[in-house]
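Please open the model in your viewer and keep the sequence panel beside it.

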Amino acid sequence: MNAADQFGMHDDLQKLGIKAINEGICSGTKWQTGHGDLINSYSPADGKLIAQVTQATLEDYQQVVEKAKSAFVEWRKVPAPARGEIVRQIGLELRKYKEPLGKLVSYEMGKIYQEGLGEVQEMIDICDFAVGQSRQLYGFTMHSERKAHRMYDQYHPLGIVGVVSAFNFPVAVWAWNTMLALVCGDVVLWKPSSKVLLCAIAVHQIIAKVLNENKVPEGVVNLVATSSKYLGDELFSDPNLPLVSFTGSTKVGKKAGGLIGARLGKAILELGGNNAIIVTENADLEMAMRAIVFGAVGTCGQRCTSTRRIIVHESVYQQMKDKLIAGYQSITIGNPLDPKTLVGPLIDKGAVQTYLDALDKVTAQGGTILCGGSIKDGPGFESGCYVVPAIAEVKNHFAIVQDETFAPLLYLIRYKSLDEAITIHNNVPQGLSSALFSTNLLETEKFLSCEGSDCGIANINIGTSGAEIGGAFGGEKDTGGGRESGSDAWKAYMRRQTNTINYSTELPLAQGIEFNV
Ligand code: UN1
């Protein structure tokens, strides 16, 4: 019995409407066969072919864009709370499919089932958030400097929002963007990572019922399942997409940002992180250990928020190191669908090679591997994607430490003073997530002050990963500067307009200018 049968995956694929060969284009409720080659989706859990998808071509994409453009003209006129009602119903539908969808995320991407469920929960949470937001698309009102004048700003829908998501969050990233975009009156075109297309197809199968029952026009929520063989730069350069939200590597993000910027489009870039936790001499080391292990080995180190560097005060360094090594030794590695597993596979063999290369570089640059770093083989590990998470002692300036390795490789760095720790912390190109463990107010407040962490997310006594949807999510520097999800991130999905109204019979000019004609 293979892993899929053992954990009831076949029944779940059926529940989610996944067939042996799946159409790759959806405009809401209508599916279309892409004109490109078939693409295979293999599970990193057992190496088995799950199903195939007919890829969309550039021409298919262009047709979807045309349909989306017409749909936008209708959708923007639907009152925002009525758009929110559609999102509310999508949230209810996702609740019904939380288990099968969570399981497919786990099986197709490789994160453990608990994290697959967590990802679907993030989708549900952002639906609830967006429903409330649909009645709160507020602008400000201002007092005019002119008599009998009134000023305010308001937010209008933007148009087509392109969502280009990465393999590591196959469904949640779409939801953070799409639920806000929908209540804002935008239409969405989703290009998911070609490594996890079945998750995207399942999501569209789930929401089709709601779109159908509410007669949402075709072209409001679109899926273009394809790979870079057919579509990449064209999407970023497409002037029909006023906003593109891109999640992926800094390398690809810089190129995407350049192409979007060249046409003066708007971009939300969610790129790489190099997230650190500072552990001070006043930290609860047991709590810190649990947060670090979850942050470093969770999702097999493939979150952009994964913990990559631990900066530890010299007085507690040895203790922290021993605790972490002991913590790592207790981790169960195995099939992500097995409830006992804490660490599943990497996404594919290419990722395994990147991990091995990074470990070689650590040693070559003067670091020491303290534990882990091998490939798992034998029964249950036939896919060749399973590795043992590693801890290494390094210096922050090593080239390999400055880079994001998307794998479970954790660096230990020692410090003497908090100022030095913060300098080390900020001394990387990326700026996504960060944390400090301490019970000392002076230390925690300094870390959150303008002299502290330079990241988009800074936490105290919790880890770097697992952010709640209620906050704006994103980071600075090479992380790209975008914000999505909660707080006022919705504003990026709308165009802003300042209005001045004169209700007098005079025509005074601003700044007191006299201009008599
Ligand atoms: C990502 O890895 O692309 O904070 C996003 C977290 C998740 C999001 C991660 N809520 O870890």
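Predicted model: local features only at pLDDT ≥ 70, side-chain atom pairs only at ≥ 80, totals over all residues.

**Where the domains meet**

Begin by colouring domain 1 and domain 2 separately: between them they bury about 2,100 Å², 65% of it on carbon and sulfur atoms, where buried area is the accessible area (1.4 Å probe) that two parts lose on being put together, summed over both.

Residues are numbered from 1 along each chain as its sequence is written, and side-chain values use heavy atoms, with hydrogens and water left out.

For the selections themselves, domain 1 covers 3-270 + 487-496 and domain 2 covers 275-469, bounds that come from an automatic or database domain assignment. The contact takes 26 residues from domain 1 and 26 residues from domain 2, contact meaning heavy atoms within 4.5 Å.

**Across the interface**

Next select Lys195 and Asp348, which form a salt bridge with their closest N and O atoms 3.3 Å apart; the term stands for a side-chain nitrogen of Lys or Arg within 4 Å of a carboxyl oxygen of Asp or Glu. Across the interface of domain 1 and domain 2 there are two salt bridges by this rule.

Now turn to helix 5 (98-109) and helix 6 (113-133), each of which supplies at least two residues of the side of domain 1 that touches domain 2; helices here are DSSP runs (H or I, at least four residues), numbered from the N terminus. Helix 6 gives the most to that side, with six residues.

The side chains of Lys103 and Asp12 meet in a salt bridge at 2.8 Å, N to O. Lys103 lies in helix 5 and Asp12 in helix 2 (residues 9-15), so this pair ties together parts that are 91 residues apart in sequence.

**Around the ligand**

Zoom in on Glu122, where a polar side-chain atom lies 3.3 Å from a nitrogen atom of the ligand. At Cys304, a backbone N or O atom lies 2.7 Å from an oxygen atom of the ligand, and at Gly466 a backbone N or O atom likewise lies 2.7 Å from a ligand oxygen atom.

Technical notes:
Polar contact = N/O pair within 3.5 Å; in protein donor to acceptor, adjacent residues only side chain to side chain.
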